[in-house]
Amino acid sequence: MPSTGSADASVGPLERGLAVLRVLAHAPGGRLRPSELAKATGLARSPVDRIAATLVRLGYLREEERELVLAPRLMVLGAAYLRASALPAVLGPLAAELARELDESVSLAVPDGDAVRFVVQETRRRALSVAFRVGDALPAERCAPGPLFAAGWSAGQWAAWRERWAADPRDEGFPAVPPRTAPRPSHDDFRALAAAAGERGWAVDDQLIEPGLIAVAVPVRAPDGGIVCALSIVSHTSRHSADELREHTLDRLRRTADRMTAALGSPAAGPGGVGGVGGGLAGPGGVGAPVADRTAEAKRESGPQYLQSLARGLAVLAALGEDPRGMTLSAVAHATGLARATARRSLLTLRNLGYVDAHDGLFTPLPRVLDLGYAPLAGLSLGEIAEPHLTELVRRVHDSASVAVLDGEDIRYVGRVAASRTMRVSVTVGTRLPAHATSLGRVLLAGLPAAERARWLARAGLAPLTGLTLTDPDRLSAVLDRVAEDGYALVDQELEEGVRSIAVPVLGREGSVVAAANVSLHAGRTSAQEARTRVLPALRETAERIGADLAVVSGSRPSAPR
Ligand code: PHB
């Protein structure tokens, strides 16, 4: 495609790139082969390949065994919307407080066209039911918040709802919801339901999603009276009937909603009503910091496969998280390092596609941005985040690699990729081993604050597992000092004869040790020296990549992945 800067050359790739991301986000496991992507998007194979090459280069997708897979870095887009909305930062703590008080799940959802999209999930007792993630969308007619939003719909919005209702009778456009079991309301039924909800100021979901799952929702209003989002309590029929849930919780819900309205109007929430509150993405990769336009350089390096206007459009979208009051064209150009005309083209395309709102010269991202893979990625565990990186490491070093966390006196494996060679230590995810005798454990212990380490050493049994196991707390403490200084631990046959292992810390956003990654080696095949010179550099790179992904994922949700 000639880079003439004409409307076609610059707008097309962004629109198609977003279509590819949405299709992948809705695919099971967030993965598809390029040929499947072409089929699902209706695009020819060669634009799909160029879009994929660009998105892989940007770190938004991964290639894995000829499939394209959503990568955690993609969450920066949805995070930009969440940050700009300021709803998680301003209202999240109040939702968490209510969930604690009632010991029930609490969520906040915003209207997104004729859908309802979650922006906060405080989950309790969900073993019995599907658990929705931040970014998941439900059809308005199949949840408690829907009728509250529909009460204010314009004729155009009702028409859009009817169109979708007719085109997607099985809710296939909503990958998070199980197939429908409850009967579908007619248009008139749902209109009546919405009118009643609007009047009463509450709505109930009596098992519209799945048998057993019930919810009650109330509107949360901005100080000017407009509905900003819906606050829901979610429970199960094993605990209450839907009516009982409403009777027990409606007052509490309303009180919390009123406090939320006050919070939205407080000076801390910024002059635009909401916003002005921190809690965004920072840290490695500078997510949330100005997005430099490195796309020209990438274009030079990657050649004609690289779609600069797609890269620039996504940089614009990511940059919009920086100011909850909305950003002017100049601010966007400044934040991205793009020329005004280029930034403007991206913004207009994004607005036309429903990802960005424009008002009084200010641009803000819309909830639809969360449809670009946020929810599936928000559900990843630490092990799932680590796995592709461990796989790559095993390919490089030809020995098994793992990620573990500290759990009492033990380490617990949360991610593991075995090399094809059979090892004598057979470990799987969930395996626990004594922390003191493993390289993973020593890295984790070395990362503890001094007082915590001292308490741990005073409590731990330090049992000998081989003739070489260190069992003296003072000597172990000295070794841990050394590990902290060196940034790695090498443990030689203290866990099991013949096994040598080397581990490094995985650092969280604030530089604390959140996990450890290791490679376990056959002592007869790999010397300690070789572990340091050949394995350690690759292991360090892997730990950095895991840490960078973790920073994006945990920066976008209240609790760190386990
Ligand atoms: C949820 O937060 O999981 C939820 C909220 C409202 C519903 C159903 C589920 O109607």
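Over which residues does the pLDDT stay under 50, and how many contacts beyond four places in sequence does the model have for them? The stretch is residues 1-11, with 14 such contacts; pLDDT is the predictor's confidence in each residue, from 0 to 100, and a contact means heavy atoms within 4.5 Å. This is a predicted model, in which local features need pLDDT of at least 70, side-chain atom pairs count only at pLDDT 80 or more, and totals for chains, interfaces and linings use all residues. Residues are numbered from 1 along each chain as its sequence is written, and side-chain values use heavy atoms, with hydrogens and water left out.

**Confidence**
- The protein has a mean pLDDT of 90, and 90% of its residues reach 70 or more.
- Residues 271-290 have pLDDT below 50, and the model gives this stretch 50 contacts beyond near neighbours in sequence.

**Around the ligand**
- Twelve residues surround the ligand, where being near means having a heavy atom within 4 Å of it.
- The closest are Ser 107, Gln 121, Phe 132, Ala 144 and Asp 205.
- The shell divides into seven nonpolar, three polar and two charged residues; Ala, Val, Leu, Ile, Met, Phe, Trp, Tyr, Cys and Pro count as nonpolar, Asp, Glu, Lys and Arg as charged, and the others, Gly among them, as polar.

**Polar atoms and cover**
- Ser 107 has a polar side-chain atom 2.6 Å from an oxygen atom of the ligand.
- For Asp 205, the distance from a polar side-chain atom to a ligand oxygen atom is 2.7 Å.
- On its own the ligand has 280 Å² of accessible area (Shrake-Rupley method, 1.4 Å probe), and the protein covers 100% of that area.

Key
Polar contact = N/O pair within 3.5 Å; in protein donor to acceptor, adjacent residues only side chain to side chain.
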